[in-house]
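Subject: Structure handover

Hello,

Here is the structure I promised to pass on. Please open it beside this email and follow along.

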Amino acid sequence: MSAKEIVQKFYKSDALIDSEIIKDFLHPEVIVEWKSSKGLIQLNYDSLLNLSNDLSKAYVRSKVRISHIVSENDTISVRYSHFVKTIENPREEMLLAHFMVIWQIKDNKLFRGYQMSQLS
């Protein structure tokens, strides 16, 4: 599977809200540097699992709509919008945020991520 296919499969899955699924995609030494509205957040394997668990408590469904994806060897750039359905209102899909991320793939896993987000 190519690096691009790995990233596409990751975002098409429920990995963002299912810590069991996300484990299949993360390299054990994964690091994500995330520039968010709260400033710079650095996440490792365990904190990404915790984030996925936290999201699963608030959202029943997660959907990513990729608008751009560019690959070069083991590096993939993705621009996407993240939509969710809340537990309180599972029929209404709402835009959570817009994201831009650059992933480095190692051993067919997400190894390094450099992400920026903007709330909707």
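One definition comes first: a residue is called buried under 20% relative accessible area, exposed over 50%, and partly exposed in between. Asp107 has 58% relative accessibility, so Asp107 counts as exposed. Please also keep in mind that this is a predicted model.

**The loops**

Start with Asp107, since you now know how exposed it is. Asp107 sits in the loop between β5 and β6. Its phi is positive, about 55°, although Asp107 is not a glycine.

Asn108 is in the loop between β5 and β6 as well. With a relative accessible area of 52%, Asn108 is exposed. What does Asn108 touch, not counting residues up to four places away in sequence? The answer is Met1 and Ile6. Asn108 and Asp74 are 34 residues apart along the chain, and their C-alpha atoms are separated by 9.1 Å.

Now go to the loop between β3 (59-72) and β4, where you will find Asn73. Asn73 is a residue other than glycine with a positive phi, near 55°. Is Asn73 buried or exposed? Its relative accessibility is 70%, so Asn73 counts as exposed.

**The core**

Next, look inside. The largest nonpolar core has 26 residues. Which residues have the most contacts inside this core? They are Val7, Phe10, Tyr11, Trp103 and Leu110. The elements that give two or more residues to the core are α1 (3-12), β1 (26-36), α3 (45-58), β4 (75-86) and β5.

**The nonpolar patch**

Back to the surface. Met100, Ile102, Tyr114 and Met116 form a nonpolar patch there. Together they have about 380 Å² of accessible area. Met100 is found in strand β5. Met100 has a relative accessible area of 35%, so it is partly exposed.

**Two buried serines**

Ser19 lies in helix α2 (residues 19-22). Its relative accessible area is 13%, so Ser19 is buried. Which side chain does the side chain of Ser19 meet in a polar contact? It is that of Asn53, at 3.0 Å. Beyond four places in sequence, Ser19 touches Leu49, Ser52 and Asn53.

Ser81 is found in strand β4. At 14% relative accessibility, Ser81 counts as buried. The side chain of Ser81 makes a polar contact with the side chain of His98, at 2.8 Å. Not counting residues up to four places away in sequence, Ser81 touches Lys63, Val64, Arg65, Leu95, Ala97 and His98.

**The salt bridges**

How many salt bridges does the structure hold? There are three.

- Arg61 pairs with Asp14, and the closest N and O atoms are 3.1 Å apart. Arg61 is in strand β3 and Asp14 is in the loop between α1 and α2, so the pair ties together parts that are 47 residues apart in sequence. Arg61 is partly exposed, at 37% relative accessible area. Asp14 counts as partly exposed too, at 30%.
- Arg65 and Glu93 meet through their side chains, at 2.9 Å from N to O. This pair links distant parts of the chain: Arg65 is in strand β3, Glu93 is in strand β5, and they are 28 residues apart. Arg65 counts as partly exposed, at 38% relative accessibility. Glu93 is partly exposed, with a relative accessible area of 31%.
- Lys23 pairs with Glu20, with the closest N and O atoms 3.1 Å apart. Lys23 counts as partly exposed, at 33% relative accessibility. Glu20 has a relative accessible area of 51%, so Glu20 is exposed.

Best wishes

How values were computed: Residues are numbered from 1 along each chain as its sequence is written. This is a predicted model: local features need pLDDT of at least 70, side-chain atom pairs count only at pLDDT 80 or more; totals for chains, interfaces and linings use all residues. Side-chain values use heavy atoms; hydrogens and water are left out. Patches are made of residues with over 30% relative accessible area and no salt bridge: like charges are joined within 9 Å, nonpolar side chains (Val, Leu, Ile, Met, Phe, Trp, Tyr) within 5 Å. Accessible areas come from the Shrake-Rupley method with a 1.4 Å probe; for residues, only the protein chains shown count as cover. A salt bridge is a side-chain nitrogen of Lys or Arg within 4 Å of a carboxyl oxygen of Asp or Glu. Helices (H or I, at least four residues) and strands (E, at least two) are DSSP runs, numbered from the N terminus. Buried means under 20% relative accessible area, exposed over 50%, partly exposed in between (1.4 Å probe, protein chains only). A polar contact is a pair of N or O atoms within 3.5 Å; within protein, one must be able to donate a hydrogen and the other to accept it, and residues adjacent in sequence count only if both atoms are side-chain atoms. Contact means heavy atoms within 4.5 Å. A nonpolar core is a set of buried Ala, Val, Leu, Ile, Met, Phe, Trp, Tyr and Cys residues joined through side-chain atoms within 4.5 Å.
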